[in-house]
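Visitor: Please put the model up. I would like to walk through it by question and answer.

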Amino acid sequence: MSRPAVNSDTDFDVSKPLKGTAGWLDDRFGGARGVRTYLLRKVYPDHWSFLLGEIALYSFIILLLTGTFLSFFFVPSTTEVVYHGSYLKLDGIRMSEAYQSTLRISFDVRGGLLIRQIHHWAADLFVAALMIHMLRVFFTGAFRKPREVNWLIGIVLFSLALIEGLFGYSLPDDQLSGAGLRIFEGVLQGIPIVGTYLAYFLFGGPFPGHDIVPRMYIIHVLLVPGILLALIGAHIFIMFWQKHTQMPAKGNTERNVTGQPSYPYFVAKTSAWFMFIFGALALLATFAQINPIWLYGPYTPVAISSASQPDFYMGILEGSLRAMPAWEWNFLGHTVTFSVLIPFALPLGIVLGGAAFWPFFERWATGDKAYHHINDRPRNAPVRTGIGVAAITFYGVLWAEGANDVIADKLQIPLYTVTWIARVLTILGPIIAYVITKRVCLGLQRKDRNELLHGYESGIIRQLPDGEFIEVHQPVNEERLAVLEAKKVPALLPAPGSEDDNGVPAPSARGMLGKARAVANRAFAETIPVETDGHGNGHHGNGHEVTGEEHEAVGAPGSTALPPGESGEE
Amino acid sequence: MSDMEETEGAEGAGVPAAPHRVIGTPPPSPRLLGSAPVAQEGSETALALVSDEEEFQEHIDGLPPDDPQVTVHGKRAERVVVACFLLTFIAGCGFVAAYVGLGVHTVDKTLRSNLALGLSMSVMFLALGLGALIWVRHLMPNVEVTQQRHDLRSDEKQRQATEAYFKEGTANSQFVKRPLVRRTLMLGTLPLLAAPVVLLRDLGPQPGTSLRHTVWSPGRRLLVQGTNQPITPAQFSAPGSMITIVPDGYEDDQDALTKAAVILIKFRPGELHIPTRHQGSTLVGTMNWTVDNIVAYSKICTHVGCPVALYEQTTHHILCPCHQSTFEATTGATVIFGPAARPLPQLPLTTDAQGYLVSKSDFTEPVGPSFWERG
């Protein structure tokens, strides 16, 4: 369809080899329709935030390519050798073969340094892109039904990426990463009951031993990448099968998806995007030195440099270890070291566990069991957005505390003061962030409502005959209207402790859990209501009232949530 | 690229004042004058032979392709794209030339090679990407497709049919009917599941008591790390200094040093006040573990095992650079800040017949991070 209007020059022949091959394949697999509708015409919504996941995907591909190159030269062995290579400052120094081969990659293999640095930058970009992609999905509610499984896969991917990164940068057996590995081993030892066994089995005996480098190597180059590859495949297949979400816009409904077709548009754009990412990483690797292991020296357990920081994605663990006050129990002749266990398990547990739990919590609190293909604007889900920003704050404080010595040094604040600030902010920061964010969201909703009811400020000032100056408001256009009207508000469940006429509590608000649910539901349902009739230049509402409690059951336009009392099982 | 900006400007003037574009929504088509999306009719091309129309509706933004403005614009864009691809080719040749022409094997040469290879590689990728992007945005007509979603949920009949078939299959398998078969099957596979875990047993030795001991033993000399020479109290006479000590015979044994590394600190007379304290149930006084106001502490932090490498002479604080656990050196390395929960263990010192510092015994408590069996 539509070709004649756009392009009448379809009167060329598809090249014979291509046609022949396609025909040969279709004879055997019969995928003509699937290739057309699922691959060539697959619709890709056009939104900048949809590029974030692609950054992660392409960083991963670049990691596979550069990692394969590195594995041709890297020797995963801690056999001790004396160095007599190109880097003269380390001449005659005893070191492991792993460290020696990394020096060789850096100084004796043409392009080796470049590929090594691209690999390291790509790893950092991979994790950073995963983080931002997950934040996008969280803040827009794109994790909701039917995409919960893909959200969970994403969390597993992220967790694996952390392990992959830690093991990857530990492989060269340099002083900096060796110290990190020692910390990792110390943390393992601290795990109750099985800790020492875990550490001894992983390291093949006491730290550092000779087994850890080859073991990390096979985990880093085979085991984890294999799982990552499989899960990324599943992630993308599910995305194909369920189709993309889309942002609210004119013409976008829960029943369609609008964007550009895969062939040729998305294929060309995403190839360009891949090239840009590869190019940017190559630029970084050329001009921004990363992990110069020759400056750190080979690992020895008796030395350490100050201001040692891990790669950025380990910062939260490092910061948690630093912020934690000393706390250890002697429990029936056994040592339980909360100084280590809490920083190890709690912060990442809260962030990742909380993320995994969230879709189900939100579903429970809102009673919303509908499909969602149109994303939320973050302001229209104040509780979710507030929790998200609180999580960022919590993570950010602990992450920054991971560099408390650098902060203390650069800002001339006493070291212990920095740590105390971090301890306090870890608790208070998220609460403050939640409250502020929620208020900001409601404020933005109020702005949206004004725009919807009274139009937007045109910037035209008019003087009335009696001398009064007014600003002319213009009704918003259809595109904007579609965006503004996309707000959906969770239905109110029966209030906590509410009873019907006979004094019987509502079934869903009974018991501790029911009451908790009703309280959570009240928070989710808080909104700035919009009167539905006559938008654009209407004169409804006094413009200053707030929220949920007073305005029972504000079914905003297009709300798909079930009405109260109908929140039964599916 | 100025031609494109012009077009955009022209477009901006043509469109009636509209509210700001929402961040993230696609900008209006940059190259073609804005007009309302036109729903196109089905065509006579091959696609019309089968109908996807129910699922896909296409819209095309902008002017028809034979409009003079589009033709002029297309020619300019084409030149830019071609220039990008030529640049890619040149950069690619440059990359090969740099690989062949520039050697490595010294730091300077490596950096030169890295610069040439990296720069040409970056230009290669960026020019290729830019060319592709301009191609798709300025040469291809702006087609937008709306695709209908299908229900993800199967309809009820399909679900019931699947369930019915599964039930029948289960019945045929006799799985429910013959519990003995079912249970012995489960019993039989249990050891099979344990097998992988069993196979992992030889990954490492059992810890046993190895974490409680180090290689220090009665009479073992203290060697100065680096020079690996023994040291007498007289040679270590400057108060306030700290050095790292390794055990004689294990100077390069990483496994041993991980537990046995020691710091040696010299105090002025009267500065050192190590109180007696409980080790387990026994009260231990350790003032007599020092020689001439020289005290030896484990260098391995009791938090997670970093070397405590920083010593502040004026305050007598030992600081771990990893997580800033701080120990007071004059009172037996007790913790005054940070996550470490226990003092650094003290190594009993004495001198041997030649006057060199030696250990009186091993540490009397485990060094390094806490572990479950530590007690």
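Guide: Two strands pair if DSSP finds at least two bridges between them. Helices (H or I, at least four residues) and strands (E, at least two) are DSSP runs, numbered from the N terminus. This is a predicted model, where local features need pLDDT of at least 70, side-chain atom pairs count only at pLDDT 80 or more, and totals for chains, interfaces and linings use all residues. Residues are numbered from 1 along each chain as its sequence is written, and chains are lettered from A and ligands numbered from 1 in the order in which they are written.

Visitor: How many bridges join E5(B) to strand E6 of chain B?
Guide: E6(B) covers residues 262-266, and the two strands run antiparallel. In this pair, Met242(B) stands opposite Ile265(B). The number of bridges is 4.

Visitor: Which are the edge strands of the open sheet in chain B?
Guide: The sheet has 4 strands in the order E4-E5-E6-E9, with antiparallel pairing. Its twist averages 40° from one strand to the next; angles run from 0 to 180 degrees between N-to-C directions, and axes are lines fitted to C-alpha atoms, for helices over the stretch in contact. An edge strand pairs on one side only. The edges are E4 (222-224) and E9 (294-298) of chain B.

Visitor: Which element gives the most to the side of chain B that touches chain A?
Guide: Residues are in contact if their C-beta atoms, placed from the backbone, lie within 7 Å. The contact takes 96 residues from chain B and 104 from chain A. Elements of chain B that give two or more residues include strand E2 (56-61), helix H3 (107-138) and strand E3 (142-148). With 18 residues, the top contributor is H3(B).

Visitor: How many residues on that side of chain B are nonpolar?
Guide: Ala, Val, Leu, Ile, Met, Phe, Trp, Tyr, Cys and Pro count as nonpolar, Asp, Glu, Lys and Arg as charged, and the others, Gly among them, as polar. The side has 31 polar and 12 charged residues. The nonpolar count is 53.

Visitor: What is the bridge partner of Gly259(A) in E3(B)?
Guide: Strand E4 of chain A, residues 256-261, pairs with E3(B) in the antiparallel sense over 4 bridges. In that pairing, Asn256(A) stands opposite Gln148(B). The partner of Gly259(A) is Val145(B).

Visitor: Which residue in E4(A) does Val43(A) stand opposite?
Guide: Strand E1 of chain A, residues 43-44, also pairs with E4(A). They run antiparallel, joined by 2 bridges. Val43(A) faces Pro261(A).

Visitor: How many residues of E4(A) are buried?
Guide: A residue is buried if 20 or more other C-beta atoms lie within 10 Å of its own, exposed if 12 or fewer, and partly exposed in between, with C-beta atoms placed from the backbone. E4(A) is largely enclosed by the rest of the structure. The count is 6 of the 6.

Visitor: At what angle do H13(A) and H15(A) pack?
Guide: H13(A) is residues 315-323, and H15(A) is residues 382-401. Their axes lie 6 Å apart. They are roughly perpendicular, a class that covers 65 to 115 degrees, against under 35 for roughly parallel, over 145 for roughly antiparallel and the rest for oblique. The angle is about 75°.

Terms used. Contact = placed C-beta atoms within 7 Å.
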